[in-house]
Every structure is written in C-alpha cells, then in structure tokens.
Amino acid sequence: MKLIISKKPFSISNNTRIFYRIIQLLLIMHYTGRTNNKTVPLMKAHLLVWALQTKERESILLKSKANKYNTSIGIWNIDKNTNQALTYMYEDELCSIYQKNYALTENGKKLVKKIIDDKTIFVEEKSFLTKIGSSLTEVNITKLQNLWIS
C-alpha cells in the first residue's frame, strides 16, 4: 500500500481532510502513546492535533515541556474533525478503546509503520512528536488545563 496525498484542484486545508487527520492521530498514538498498545486519552489527541496545526503552537508546547509543563500554552480547542477521524479509525479497526483511551490495533500499527518507514512524508510531524514522546501524561495535561484559569 502506498500513501499519496496530493493537492486538489481547489484549496482544502490539510487540517480538514479526514485522511490527513487520521495519519496525524496514528502518528500521535505511535510516538506519544503509553504501553505497548500505544494508548492515548482523548484530550491528549486534541491537544497534539491542535499543536500540529502551526509551528508556533509546536514551539509553545515544547517550551512548556522544557519547564515540566508548568508554563501555560493557552487554551486549545476540541476539534470535531479529530472526533470524526477517531470514529473512522475505530470503525476501520485502526484503533480500539481501552480503559477510556484510544489504543492502536494491529491494523493501526501496520499502517503507522508504513507511514514511519516512508521518510518523505510527515517529516515535521514525526520530528515534533518524537520530541514530545511519552512526557505528555494525563497529569501534565491536567496541569496545562489548570493553567487556563490561573
């Protein structure tokens, strides 16, 4: 299977393309997920998709990481496209729900391996998510949320 994302005749932001979002989520789960199942809570998925939308957001999140997530990144949004992509992923058996988190299935792991093995696609996303790694725990997400109101 070869992944091809091509420019369409009319302008549609990549962030609104469902397949693009699915690939982002697969990468998020692979690089930042916990355990062998690569589990990711919903809020973490939304936060990282939000961060991947601009280099400035990525930089803000990395600076907060350097300060053990004690630096505010501002308020991030809950995106319906992320929820829709997770629903498609679940229906297509790319992920499952495990203890209130999303987890990669074997099909999801096979697909994300192909994405990772292709060194020409999603290079910047892979680099950013590698830097975040497993440091963005639920405790750290709660810290960031608590900074909204302080």
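**Figure 1. Arg-21 in helix α1.** Arg-21 sits in helix α1, residues 18–32. Helices are DSSP runs of H or I with at least four residues, strands are DSSP runs of E with at least two, and both are numbered from the N terminus. The model is predicted: local features need pLDDT of at least 70, side-chain atom pairs count only at pLDDT 80 or more, and totals for chains, interfaces and linings use all residues. Residues are numbered from 1 along each chain as its sequence is written, and side-chain values use heavy atoms, leaving out hydrogens and water. Arg-21 counts as buried because its relative accessibility is 0%. Buried means under 20% relative accessible area, exposed means over 50%, and partly exposed is in between (1.4 Å probe, protein chains only). The side chain of Arg-21 makes a polar contact of 3.0 Å with the side chain of Asp-79. A polar contact is a pair of N or O atoms within 3.5 Å; within protein, one must be able to donate a hydrogen and the other to accept it, and residues adjacent in sequence count only if both atoms are side-chain atoms.

**Figure 2. The crossing of α1 and α5.** Helix α5 spans residues 106–117. The axes of α1 and α5 come within 10 Å and cross at roughly 95 degrees. The two helices are therefore roughly perpendicular. From α1, the contact uses Ile-23, Leu-26, Leu-27, His-30 and Tyr-31. From α5, it uses Gly-108, Leu-111, Val-112, Ile-115 and Ile-116. Eight of these residues are nonpolar, two are polar and none is charged. Contact means heavy atoms within 4.5 Å. Axes are lines fitted to C-alpha atoms, for helices over the stretch in contact, and angles run from 0 to 180 degrees between N-to-C directions. Angles under 35 degrees count as roughly parallel, over 145 as roughly antiparallel, 65 to 115 as roughly perpendicular and the rest as oblique. Ala, Val, Leu, Ile, Met, Phe, Trp, Tyr, Cys and Pro count as nonpolar; Asp, Glu, Lys and Arg as charged; the others, Gly among them, as polar.

Figure 3. Leu-94 lies in the loop between α4 and β1. Glu-93 lies in the loop between α4 (80–91) and β1. Leu-94 is buried, with a relative accessible area of 12%. Glu-93 is exposed, at 51%. Glu-93 is not a glycine, yet its phi is positive, about 60 degrees. Leu-94 and Gly-108 are 14 residues apart along the chain, but their C-alpha atoms are separated by 4.0 Å. Leaving aside residues up to four places away in sequence, Leu-94 touches several residues, including Ile-22, Leu-26, Met-89 and Leu-111.

Figure 4. Lys-38 is in the loop between α1 and α2. Its phi is near 55 degrees, a positive value in a residue other than glycine. Lys-38 is partly exposed, at 23% relative accessible area. Gln-99 is in the loop between β1 (95–98) and β2 (101–104). Gln-99 counts as exposed, at 63% relative accessibility. Gln-99 and Pro-41 are 58 residues apart in sequence, and 9.3 Å apart in space from C-alpha to C-alpha.

**Figure 5. The buried side of α7.** Helix α7 covers residues 138–146, and its Asn-140, Ile-141 and Leu-144 are buried. They lie on the same side of α7 because they cover an arc of only 105 degrees around the axis. The arc is that of the directions from the helix axis to the C-beta atoms. The buried residues of α7 pack against α2 (42–51) and α3 (55–66).
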